[in-house]
Amino acid sequence: MSNQYITAAEHLPDEERTETKLQITDAETKRIFEARVRIANDPDELTDPRPLTVVAGPHESVSEERYVELIDEIDAAGINEDLLRRLAADQESTSNIVNTRSDDLNVILRYLVESGQYDSTAEALREMAFQYLAANRPALLDAYETVRTEFEDDPLRRARSENEP
């Protein structure tokens with residue numbers, strides 16, 4: 001990654017240091033991508049500041065210099081793979097119980113079980129959630145499959161990360 005980035009003034013948030021999603025260009029490689037970022041006029045206001053050229057005008061001929069802190073990158077489908085990896089790593093050491101705290105959903109799921117359509121509310125919820133995700137968020141499932149495969153295929157990395165302080 002470059003140490004210099006470019007973005008259009010129209011993409012900037014109204015307030016500085018506000019976490020926002022921003023389309024930026026790597027000045028060196030010319031690669032355009034989206035990332036969660038913070039922007040400031042003063043580099044001391046950010047943890048890891050990098051120069052950001054903000055262009056404006058009809059021919060993008062007007063520019064000003066600011067600083068950007070990249071929090072994490074978002075891929076073309078809007079999937080934040082860094083967040084997905086962190087959640088997958090966290091899941092290895094936490095409970096896998098999902099609680100919706102919804103009376104309505106609980107009644108509907110119990111109905112599906114007691115009417116013989118599913119063996120358990122967990123099975124019903126899993127099947128419906130995965131069907132919904134497959135139909136409406138296939139890029140998320142694809143990204144998760146890649147992340148999950150990374151965790152399954154690298155026992156050395158998992159062992160090392162489990163022993164980190």
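I am working with a predicted model, in which local features need pLDDT of at least 70, side-chain atom pairs count only at pLDDT 80 or more, and totals for chains, interfaces and linings use all residues. Residues are numbered from 1 along each chain as its sequence is written, and side-chain values use heavy atoms, with hydrogens and water left out.

Strands here are DSSP runs of E, at least two residues, and helices are runs of H or I, at least four.

I then checked Ile39. Leaving aside residues up to four places away in sequence, Ile39 touches Leu12, Leu22, Leu52 and Val68, among others. Contact means heavy atoms within 4.5 Å. Arg17 and Arg66 are also among the residues touched by Ile39.

I turned to the second largest pocket, with a volume of about 180 Å³. A pocket is an open set of points on a 1 Å grid over the protein atoms alone, where a 1.4 Å probe fits, with protein on both sides within 12 Å along at least five of seven lines; lining residues have an atom within 4 Å of a point. The volume is the space filled by probe spheres set on the points. Helix 2 (103–114) and helix 3 (121–136) each supply at least two lining residues. Helix 2 gives the largest share, four.
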